[in-house]
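The sequence and structure come first.

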Amino acid sequence: MKPNPDKVKRLAMDLRGGKIFPRGPREKLGGYVLAARALDKCRSDLAGIIGDYHTNCPLDQIWLKFAKIDYDDFRSFIATGATDDEVGAWISEHAKRRAKTDIIVWNNQQRDQRLSDLPPQMQEHMEEYIDRFVPHGRIVYHFFDIFDLEEKRL
């Protein structure tokens, strides 16, 4: 797999400045929620235009661990300039083999997860994050709401 920085730059979103956001955590790629968002952030990082976002963060690690995908392998494939469809196929090929219903159940658990379901350390981090980034007065019902509220999808 040979890196293609020019193609990555053409595909990457400029996440600097808070006007363009990665895809929401509910959007799927390769059958998994969170994967499309991780792809957007990784491309932007490779292109040097990630802004305040982070790649291979705890949010990305949720799906990477479930899918049993190594982040460095994922990043190396993205560095080739692979399209969304190519990355989706790569994920399907490299993820741990599971029944489709197991993945659907996991996706729905992620979509429905509440802050109180998170590990205590993550709850503490998100409490501060919400105060800092979620518009005042907006109610967070589910973990994914935090990102959708911050990025104006809700």
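In this predicted model, ring pairs join Tyr 32, Trp 63, Phe 66, Tyr 71, Phe 74, Phe 77, Trp 90 and Trp 106 into a cluster. The count of aromatic pairs comes to 12. A pair of aromatic rings is described by the distance of the centres and the angle of the planes. Two of the pairs are set out below.

| Pair | Centre to centre | Angle between planes | Class |
|---|---|---|---|
| Phe 66 and Trp 106 | 4.4 Å | 5° | stacked |
| Phe 74 and Trp 90 | 6.3 Å | 50° | tilted |

The Phe 74 and Trp 90 pair is tilted because its planes stand at 50°, a value between the limits of 30 and 60 degrees. Phe 74 and Trp 90 are buried.

The backbone angles come next. Most residues other than glycine have a negative phi. Leu 34 has a positive phi of about 75° and sits in the loop between strand 2 (32-33) and helix 2 (35-46). Its relative accessibility is 1%, so Leu 34 counts as buried. Lys 68 has a positive phi near 60° and is found in the loop between helix 3 and helix 4. With a relative accessible area of 56%, Lys 68 is exposed.

Notes. Residues numbered from 1 in each chain as written. Predicted model: local features only at pLDDT ≥ 70, side-chain atom pairs only at ≥ 80, totals over all residues. Heavy atoms only, no water. Phe/Tyr/Trp six-rings, centres within 6.5 Å; stacked < 30°, edge-to-face > 60°. Buried < 20%, exposed > 50% of the residue type's maximum accessible area, 1.4 Å probe, protein only. Helix = DSSP H or I, 4+ residues; strand = E, 2+ residues; numbered from the N terminus.
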